[in-house]
Amino acid sequence: MNNNLKVVADYHTHTIYSDGKGTIEQNVKSAIDKGLEIIGISDHGYKHMGFGVKYNLFEKMRYEIDLMKEKYPQIKILLGVECNILDDRGNIDIDDKILGYFDYVMAGYHFGSMPTRWTRGMRNHFNNYFKPLKSLEKAYNTRALVNAMRNNDIFVLTHPGDKGDVDIIEVAKAAQETKTYMEINSHHKNLSIEQLRLIKNIDVEYILGSDSHLPNHVGDFTNALERAISAGVDIDKIVNVRRV
Ligand SMILES: [Zn+2]
Ligand SMILES: [Zn+2]
């Protein structure tokens, strides 16, 4: 870890509302202990078949976040969501009713997401899952990420290329065009050093995410920062890192 760099915000943390192990308050307390200035709670969108937040609980999360804001004024506390990218038209699991609860929306591809077109969607999951078939889905996956950014106001594209191969250059160009931050995820291997090198000349900005599922892991950016440095990413392009 480079001692001259400080990560000041973690926008990607999970709680017991989806598949995390801690409460919102535990994540907030951990973020304060780690010296973060901003903590975002970003559980899985409701169309994740395994552990999406139950649709009617987003309102409760908002209420809890607002209580935490009063209790811990020393840190900025935000409610986000990690939506699922559902198909190659770029649909994600958000709607106008719940949108108002969130301070920001992130989106990523997950195996457990509920397809909008059952047959094609399940074939996409299936092929992405089995290595020999993975390459068949590259164009579909790329369209899915690109269209998700074009058709929605997405703050961060989470772990691009994780679980499904993509043309990372096309994805990065769309991120640049739509001003979407690309995540360097500490919990997953993407963006990888190789991907970061491929998109080096595209003028995108990055965010490091812990993708923490345990309160102790909130603010743990070790892997992500090491990959960014190894790939030679311009540190000034990583919006939640500060030189100290
Ligand atoms: Zn994810
Ligand atoms: Zn996540």
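In this predicted model, the zinc ion (ligand 1) is coordinated by E82 through OE and by H110 and H159 through NE2, at 2.1 to 2.2 Å. The fold includes an open sheet of seven strands with parallel pairing.

**Zinc site**

- The donor residues of the zinc ion (ligand 1) follow the sequence spacing E-x27-H-x48-H.
- E82 belongs to strand β4, whereas H110 sits in the loop between β5 (104–108) and α4 (118–129), so the pair ties together parts that are 28 residues apart in sequence.
- Both of these residues, E82 and H110, are buried.

**Sheet order and edges**

- The strands of the open sheet are arranged in the order β2-β3-β4-β5-β6-β7-β8.
- Strands β2 (9–10) and β8 (206–209) form the edges, each pairing on one side only.
- Strand β2 runs parallel to β3 (residues 38–44), and two bridges join them.
- Within β3, I39 is the bridge partner of D10.

**Helix packing on the sheet**

- Helix α2 (residues 58–71) packs on the sheet, where it touches β3 and β4 (76–84).

Note on methods. Residues are numbered from 1 along each chain as its sequence is written. Chains are lettered from A and ligands numbered from 1 in the order in which they are written. This is a predicted model: local features need pLDDT of at least 70, side-chain atom pairs count only at pLDDT 80 or more; totals for chains, interfaces and linings use all residues. Side-chain values use heavy atoms; hydrogens and water are left out. Two strands pair if DSSP finds at least two bridges between them. Helices (H or I, at least four residues) and strands (E, at least two) are DSSP runs, numbered from the N terminus. Contact means heavy atoms within 4.5 Å. Axes are lines fitted to C-alpha atoms, for helices over the stretch in contact, and angles run from 0 to 180 degrees between N-to-C directions. Donors are N, O and S atoms within 2.8 Å of the metal (3.2 Å for Na, K and Ca); water is not among the atoms, so sites may look incomplete. Buried means under 20% relative accessible area, exposed over 50%, partly exposed in between (1.4 Å probe, protein chains only).
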